Amino acid sequence: MARPETPRSIAAKRGVLAHLFSSPKTLSFSSSFSTPSTPSSSTHSVFSESEMEETIKNVESIITKWDPNSSSITRISSLFHGNREEADDFLKSVKDLRRAMHALVSENSTSDKLSLAQNLMQIAMERLEKEFHRILSATRDQIDPESVSSRSSDGSSNLGDENGLGSEEEFKTAGEWSNDVERITALAMSSDLKSIADCMIRSGYSSECIKIYKNIRKSIVDEGLYLLGIEELRPSQILKMNWEALEHLIKNWLRAVKIAAKTLFSGEKALCDHVFSASQTIRESCFSEITKGGLYLFRFPELVAKCKKLPERIFPLMELYEALSDIQPDVELIFDSESTSEIKLQVVSSLNGLSESIRAILSDFESTIQKDSSKTLIVGGGIHPLTRKVTSYISSLADYSRILSDIVADSSPTRNTAYPGAYLESPTSVAGSTQVVSDHLDWLILVLLCKLDRKAEGYKDMSLSYLFLANNLQFILEKVCTTRLYVLLGEDWVFNHAKKVIQYASTYETMAWGNVFSSLPEKNSPQLSPEAARECFQRFDAAFEEACKKQASWVVPDKKLRDELKVSIAKELIPAYREFYDTHKVMLKDYEVSVRFGPDDLRNYLSDLFHGTAISGSASPPTPR
């Protein structure tokens, strides 16, 4: 039964006719039907027209049965959910109808059957629109956003809330949601969507098909990004955001971006390519529109990179760089068309922005060390806070050596020749891309050591300044040997700087204990007279007591260095004193009064050194021997 023509049906008719005339797939239609063998062209024309009219009559019952505007049960039924044979018959009927219409236009454009055919085509397209919408919507209906959304009941975001999306449990749920999307998307990549899309496009209804697809799939992708915690913020919002809130966003982004790229966008790409496999232009246009939300996803790191540059922020920036560079190959494969090139360019732009920011922070950090103007001297020559801060920072940088190798690959530190030559040796144990990282970290340590040299000059006692240098360099060495810095700087670097510690310790020992050592007679010197022996004992007692009092508050935090210093001093001092003591004490009738320290007393006093507390008995002499 023919339906009355409306302005829409007339416009649709014109669109279909235009499509039919321009479509190469329909030009050979007439040759696909059998023709009489008679040579009469009029007979051939009459036969062909009747053949086409018969075709229209045959498809009419199938198409009108599924008229979405009818009052029958089929109006609310799904054509593709029930009998598969009936769905196949419907698609075949549309195909036959399209070919019949083309033949009618070619043979007899004034045929009354052409209006009926046009009306049937409109019914068929309305049904296919409805089925296309139904199948696409089914993928959404099988997902329950309420069970995985971490948004508050009023729909607002909990980005600044520790209990919002970003907690491990809720993020895992969002990840499971994306796995559902991937699974359901695979199910949706059935022949139904593709068959409907092919049929509508060939029938001149591509715009209706594309509109439905874009609207539904874009909303699904946008919702997926939202559930993963990706919400578009203005650059001004990010720049004004406090660091704790921004760090929360960064952590969430790091966990979301891999799922978004490898599951959400990848699955959408596969579905789009499958459904619109017949048209590269259409599938690229659809995918580009659907995944526009990815532009902000990949712009976020660049916006973060523009925030205030502080030393401690370098580590989240390097994590952003690592995550983005890891998924860049996937992005290149997924967004492989000209229409999606903006997303690929955004990834490159974000990586460049992060690189620039990280290099700037490294440069600022070096300047901060050089400009440190603290005049406070560390009591006892202990570890300077700058040493702890810088060494900890550099050792943390070493953990990101793979990332840093990409970022600083084209740059190298400018070695200031004004620095001591002994420090200007580059690490030689590593090669390749990590060499430049080793050079940068070695340079930062050098800058620190030179700053410590200048701080050591603040001590009035030169021996304490060398103890300070030995302590701080030993602290740096210990940090290097127990972190990844050891791999980057190498054994030679450690060996050379260990020698520097020994040099500092030796210089300290000579300057701090020189008067004590020189107060004793040289080895193999002639035996002294009783009076000279008494004076020598007195000089030694005074020098030793003075050395112990002066060093009562001095410290050596490293146990190994502390023990080595005590052993070295004792090895130099005690045997020489014991020999003098044993040889000359018998010459003194009042040696118990004149001699304050026995050899064993020296060992006891030395054992109390370098703990930063007053030496036991240093203020009052021990019982005379």
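The model discussed here is predicted. Its secondary structure comes to 23 helices and 0 strands.

**Overall composition**

- The protein has 625 residues, of which buried residues make up 49%.
- When contacts between residues at least 6 apart in sequence are considered, 81% of them join residues at least 24 apart.

**Helix H7**

- Helix H7 covers residues 191-202 and has 12 residues.
- From its first C-alpha to its last, H7 reaches 16 Å, close to the 16 Å expected at 1.5 Å a residue.
- The buried residues of H7 include Asp 192, Leu 193, Ile 196 and Ala 197, and Asp 198, Cys 199 and Met 200 are buried as well.

**Helices H12 and H13**

- Helix H12 spans residues 293-305, and its axis comes within 11 Å of that of H13, with a crossing of roughly 155°.
- H12 and H13 are therefore roughly antiparallel to each other, and their crossing is left-handed.
- On the H12 side, the contact is made by Phe 298, Pro 301, Val 304 and Ala 305; on the H13 side, it is made by Leu 317, Leu 320, Leu 324, Ile 327 and Val 331.
- By class, this contact of H12 with H13 has 9 nonpolar residues, with no polar and no charged ones.

**Ile 327 within H13**

- Ile 327 is found in helix H13, which comprises residues 314-334.
- Ile 327 is buried, with a relative accessible area of 3%.
- Leaving aside neighbours within four places in sequence, Ile 327 is in contact with Val 257, Lys 258, Ala 261 and Phe 298.
- Ile 327 and Val 257 lie 70 residues apart along the chain, and their C-alpha atoms are separated by 8.4 Å.

**Helices H20 and H21**

- The axes of H20 (residues 530-550) and H21 (residues 559-584) come within 11 Å and cross at roughly 150°.
- These two helices, H20 and H21, are therefore roughly antiparallel to each other, and the crossing of H20 and H21 is left-handed.
- H20 contributes Ala 533, Cys 536, Phe 537, Phe 540, Asp 541 and Phe 544 to the contact, while H21 contributes Leu 573, Tyr 577, Phe 580, Tyr 581 and His 584.
- By class, the contact of H20 with H21 has 9 nonpolar, 1 polar and 1 charged residues.

How values were computed: Residues numbered from 1 in each chain as written. Predicted model: local features only at pLDDT ≥ 70, side-chain atom pairs only at ≥ 80, totals over all residues. Heavy atoms only, no water. Axes fitted to C-alpha atoms, helices over the stretch in contact; angles between N-to-C directions. Helix = DSSP H or I, 4+ residues; strand = E, 2+ residues; numbered from the N terminus. Parallel < 35°, antiparallel > 145°, perpendicular 65-115°, else oblique. Left-handed = near helix turned anticlockwise from the far one by under 90°. Contact = heavy atoms within 4.5 Å. Nonpolar A, V, L, I, M, F, W, Y, C, P; charged D, E, K, R; others polar. Expected span 1.5 Å × (residues − 1). Buried < 20%, exposed > 50% of the residue type's maximum accessible area, 1.4 Å probe, protein only.
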